[in-house]
Amino acid sequence: MGLSLSLLSKLGIPGVSSMYTDQIYDRFFKGKNIKEFQEFHTAFIDLCKSFNDVMPGKHFGAPTIEKVEDFYERWKKITDEKERREQLITFVKDEVKEYKTDDNAVIMAGLIVPAAAVMVKNTAQNVPPVKQFKLHLVPNFVFVPTITMLALAGVQLVQAGKKSHS
């Protein structure tokens, strides 16, 4: 009973994947009188935002506005509702990309940073410019997790920066 629908669709059980795509179309596009690109773009961004809100570990990036606008110009000429649905679903599958983190970088940071934090804290007592911060007053059980969380956040920010430039 605990199998998720995404696992079932990956196993090839028919109908599960189409159930999601029908819900996507019905929720964000069906019944809306979309006549202008701005209305389409707003609905599409709502779709991507909804993916990001629902999926706890995964985040999805919307395609560039030029790609969305180009698709919209083709999409608005289609009159058949079923064809519009299929074209939209194909576009979403092709253009909405999942942001993936480099798990190796996160694991390495999680393994190396705690030991490095303790070493830095102990050596900081002997370095005159760093000695003024009085790190020896901060207990290890506070210092190490704080530095580790900052390092992991830094790894995520670096990865997000790389994705935004690519």
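Select Lys 76 first. With a relative accessible area of 39%, Lys 76 is partly exposed; buried means under 20% relative accessible area, exposed means over 50%, and partly exposed lies in between, for a 1.4 Å probe and protein chains only. The side chains of Lys 76 and Glu 73 form a salt bridge, 3.2 Å from N to O. The term denotes a side-chain nitrogen of Lys or Arg within 4 Å of a carboxyl oxygen of Asp or Glu.

The model is a predicted one, in which local features need pLDDT of at least 70 and side-chain atom pairs count only at pLDDT 80 or more, while totals for chains, interfaces and linings use all residues. Residues are numbered from 1 along each chain as its sequence is written, and side-chain values use heavy atoms, with hydrogens and water left out.

How many salt bridges does the structure hold? There are 3.

For another of them, select Asp 70 and Arg 74, whose side chains meet at 3.7 Å, N to O, in a salt bridge. Both residues belong to helix α4, 4 residues apart, or about one turn of the helix. Helices are DSSP runs (H or I, at least four residues), and strands are E runs of at least two, numbered from the N terminus. Asp 70 is partly exposed at 45% relative accessibility, and Arg 74 is partly exposed with a relative accessible area of 45%.

Next, select Glu 95 and Lys 67. They form a salt bridge in which the closest N and O atoms are 3.3 Å apart. Glu 95 is in helix α5 and Lys 67 in helix α4, so this pair ties together parts 28 residues apart in sequence. Glu 95 is partly exposed at 23%, as is Lys 67 at 42%.

Finally, display helix α4 (residues 65–75) and helix α5 (residues 81–95) together. They pack at an angle of about 165°, with axes 11 Å apart; axes are lines fitted to C-alpha atoms, for helices over the stretch in contact, and angles between N-to-C directions run from 0 to 180 degrees. To inspect the contact (heavy atoms within 4.5 Å), select Lys 67, Val 68, Phe 71 and Trp 75 of α4, then Arg 84, Gln 87, Leu 88, Phe 91 and Glu 95 of α5.
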